[in-house]
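Let's take a friendly walk through a protein model. Have a look at the sequence and the 3D view, and then we can go from one spot to the next.

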Amino acid sequence: MTGSLTAVTGASGAVGGRVARRLARTGVPVRLLGRDPARLPDLPGADRAPAAAYGDGEAMRRALDGAHTLFLVSAHESPDRVREHTTAIDAAVAVGVERIVYVSFQGAAPDATFTFARDHWHTEAQLRTAGVRHTFLRDNWYLAGLPAMTGADGVLRGPGGDGRMAAVAHEDIADAAAAVLLDGSFGHDGRTYDLTGPEAFTLAEAAEELSRATGRPVTYVPETRAEAYASRAGYGAEDWELAGWVTSYEAIANGELAAVSDAVPTLTGHPATGFAQFLARNPASYRHLLPDA
């Protein structure tokens with residue numbers, strides 16, 4: 001694939017930005033896409049496309065013209081996300097993009113408990129019939145999300161029950177994605193990779209790990225569905241967004257995120273990052289939980 005242009009969407013974000021940096025370091029041609037070009041990173045050898053929203057087919061065609069491969073980070077959650085993805089895919093096919101690597105979600109299915117995972121399934125279905133080479137990277141929960149969703153009161157709450165999840169680090173996702181994108185063979189075509197951490201753990205165990213890292217008590221409070229909706233009612237979110245938040249925990253309770261995959265070590269050549277290791281490397285992620293915060 002040497003010399004072939006790779007377009008990276010969401011290049012100012014947590015996943016797309018990391019992938020773009022990894023590709024740029026290798027010297028392959030990279031084009032950075034984002035809704036706000038001013039926020040795109042300044043990377044050696046990379047060019048920035050004009051503003052391109054997924055739902056704007058004409059803008060996406062201009063941004064993707066000349067690209068061989070598209071790294072498609074899923075759009076921000078919205079009621080129109082599947083349509084936005086479809087428009088972006090159609091634009092890529094129209095200008096001759098040959099390969100799309102899509103960031104999906106573990107357990108994507110038309111009847112997934114997590115409502116946003118259903119969007120991913122419909123996007124995957126579109127890609128399977130688009131006549132383009134494709135690979136799906138199905139991420140588990142992000143490790144970074146666990147401290148972020150823990151309140152300053154030291155409480156992680158949600159209807160996750162005693163279910164387990166194999167949460168994964170952004171760095172591991174980016175390493176795996178870069179390995180797939182840089183492989184010029186056809187070996188990843190039609191493949192689906194579940195990107196997970198090295199073990200599955202409960203939310204109560206996550207709270208225990210946060211307690212060790214912060215030096216203060218952090219607890220997990222399991223909620224019923226009604227309690228979960230009530231505790232989040234004050235955020236002013238729309239019904240579809242609230243449903244996504246609540247069902248993400250319910251997917252854990254139902255065991256839909258418990259499977260541990262060897263995809264990260266297989267693709268990257270290094271072990272996947274565990275939660276304790278993540279916290280040791282990223283103390284800023286739990287700064288709001290420290291006793292003197």
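## A buried asparagine

Asn140 counts as buried, at 1% relative accessibility. Here buried means under 20% relative accessible area, exposed means over 50%, and partly exposed lies in between (1.4 Å probe, protein chains only). You can find Asn140 in the loop between strand 6 (133–139) and helix 5 (145–148). Helices (H or I, at least four residues) and strands (E, at least two) are DSSP runs, numbered from the N terminus.

This is a predicted model, where local features need pLDDT of at least 70 and side-chain atom pairs count only at pLDDT 80 or more, while totals for chains, interfaces and linings use all residues. Residues are numbered from 1 along each chain as its sequence is written, and side-chain values use heavy atoms, with hydrogens and water left out.

Which residues does Asn140 touch, not counting residues up to four places away in sequence? Among them are Phe105, Gln106, Met165, Val168, Leu195 and Leu257. Contact means heavy atoms within 4.5 Å. Asn140 and Ala259 are 119 residues apart along the chain, and their C-alpha atoms are separated by 9.3 Å.

## The nonpolar cores

Now to the largest nonpolar core, which has 56 residues. A nonpolar core is a set of buried Ala, Val, Leu, Ile, Met, Phe, Trp, Tyr and Cys residues joined through side-chain atoms within 4.5 Å. Phe71, Ile100 and Leu195 have the most contacts inside this largest core. Helix 6 (residues 170–182) gives the most to it, with 7 residues. A second, separate core of 29 residues includes Phe105, Ala109, Phe116 and Leu279.

Leu195 also touches Asn140, and its other partners include Leu137, Val168, Ile173, Ala176 and Leu267, not counting residues up to four places away in sequence.

## Helix 2 meets helix 3

Helix 2 (residues 57–64) packs against helix 3 (residues 81–94) at an angle of about 45°, with 8 Å between their axes. Axes are lines fitted to C-alpha atoms, for helices over the stretch in contact, and angles run from 0 to 180 degrees between N-to-C directions. The angle makes helix 2 oblique to helix 3. Angles under 35 degrees count as roughly parallel, over 145 as roughly antiparallel, 65 to 115 as roughly perpendicular and the rest as oblique.

On one side of this contact are Gly57, Met60, Arg61 and Leu64 of helix 2, and on the other are Thr87, Ala88, Ala91, Ala92 and Ala94 of helix 3. These residues divide into 6 nonpolar, 2 polar and 1 charged. Ala, Val, Leu, Ile, Met, Phe, Trp, Tyr, Cys and Pro count as nonpolar, Asp, Glu, Lys and Arg as charged, and the others, Gly among them, as polar.

## Helix 3 meets helix 4

How do helix 3 and helix 4 pack? Their angle is about 25°, and their axes are 9 Å apart. They are therefore roughly parallel to each other. The contact divides into 4 nonpolar, 6 polar and 3 charged residues.

Asp119 lies in helix 4 (residues 115–128). Is Asp119 buried or exposed? Asp119 is buried, with a relative accessible area of 16%. Leaving aside neighbours within four places in sequence, Asp119 is in contact with Ser78, Arg81 and Val82.
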